[in-house]
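User: Please go through this structure with me as a set of questions and answers.

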Amino acid sequence: MSGAGGADAPGDGRYGEAVFRPDQAGEGERIDYGALTYDDITLARLRALGVGPGWRCLDVGAGTGTVSRRLLEECEVAGVVAVDRDARFLTERSVPGLDVREADVTAAGFVSERFRLVHARFVLMHLPEHRRLVTALADLVEPGGVLVLSDAVDLTSDRTPSTPYTAVMRAMWQGLRATIGTDVSWVPSYPHLLQEAGLRPVAAEMHVPPLLPGSPISRFWADTWERSRAAMLATGLVDAAAVDEAIRYLDSDACAALSAGMLTAWGWKPGEVQA
């Protein structure tokens, strides 16, 4: 582990290095399980916002590129710039109109253009300085364009019934915070942050996928727990047997729990749409 500090101190490691390394066998498949869970919801929202022919789009932290490719193939946008700090999965699955760039989205000037759509999903929750990053992404939206941000919302509270799943999820959030600084506690403030960044109007919605045996989201969480197991055990909240029990629980009919939700918020840049 490259993180440091206790439960309340964010770690100084990085996603893709301390945990979730792209060179680890099966990491692309883990990301794709998340895509199978959320892509239809994401694309439905983007279509409802009017994304379509003529739009130039920026997909930040594009992962394996499923959203980028569907924007091109289904929404028929003019082009997509797909950015990730490690672009190996993007270059493996390139399609016409996809401009793949390997860059650190926390760096100033990681792209120089402006876009009608700027989209980031499950990215900012893993990064510090989220207020600065929201403002930086808003600056990349052209007048009349829209910024769309999606991140996880933790639904395992102290009032949630105790199950093998909830015990391990709580350990996962705490372990990831201590290791790489992941923090979803601020995600419900997205609408306010978008307004602070000068976007009007703003709105938000949330989707909670069902945890069903063998479903993509259940397989995603099982793989995620395996890859973050060391961070979870370091919290002292669970042991290896508890993680194994939770993985079995996910794949059983006894599972009765809420998955983490995906909150999506969007805001429009004032001004006329550029020709």
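Predicted model: local features only at pLDDT ≥ 70, side-chain atom pairs only at ≥ 80, totals over all residues.

User: What is the radius of gyration of the protein, and what would a compact globule have?
Analyst: The C-alpha trace spans about 60 × 35 × 35 Å along its principal axes. A compact globule of 275 residues would have a radius of gyration near 19 Å. The protein agrees with that, at 18 Å.

User: How far apart do the centres of the positive and negative side chains lie?
Analyst: The protein has 26 positive side chains and 37 negative ones. The centres of these two sets are separated by 3 Å.

User: Which elements are included in what covers the buried residues of helix 9?
Analyst: Helix 9 covers residues 240–250, and its buried residues are Val243, Ala246, Tyr249 and Leu250. Seen down the helix axis these fall within an arc of 120°, so they line one face. The face turned away from that buried side carries the exposed residues Ala241 and Arg248. The cover over the buried residues includes helix 5 (164–180), helix 7 (216–227) and helix 8 (229–234).

User: Against which elements do the buried residues of helix 4 pack?
Analyst: In helix 4 the buried residues are Leu133, Val134, Leu137 and Ala138. They line one face of the helix, because their directions from its axis fall within an arc of 140°. They pack against strand 1 (56–60), strand 4, strand 5 (141–153) and helix 6.

User: Is Ile180 buried or exposed?
Analyst: Ile180 lies in helix 5. Its relative accessibility is 3%, and the cut-off for buried is under 20%. Ile180 therefore counts as buried.

User: What is the relative accessible area of Phe122, and what is that of Glu129?
Analyst: Most residues other than glycine have a negative phi. Phe122 has a positive phi near 55°, and Glu129 has a positive phi of about 55°. Phe122 is in the loop between strand 4 (115–121) and helix 4 (130–139), and Glu129 is also found in the loop between strand 4 and helix 4. Both are partly exposed, Phe122 with a relative accessible area of 27% and Glu129 with 49%.

User: Which two residues does a cis peptide bond join, and what is omega there?
Analyst: Most peptide bonds are trans. Pro201 is found in the loop between helix 6 (190–196) and strand 6 (202–207). The cis bond joins Arg200 and Pro201, with omega at about -15°.

Technical notes
Residues numbered from 1 in each chain as written. Heavy atoms only, no water. Rg over C-alpha atoms; globule rule 2.2 N^0.38 Å. Lys, Arg positive; Asp, Glu negative; His and termini not counted. Charge placed at Lys NZ, Arg CZ, Asp CG, Glu CD. Buried < 20%, exposed > 50% of the residue type's maximum accessible area, 1.4 Å probe, protein only. Helix = DSSP H or I, 4+ residues; strand = E, 2+ residues; numbered from the N terminus. Arc of directions from axis to C-beta. Contact = heavy atoms within 4.5 Å.
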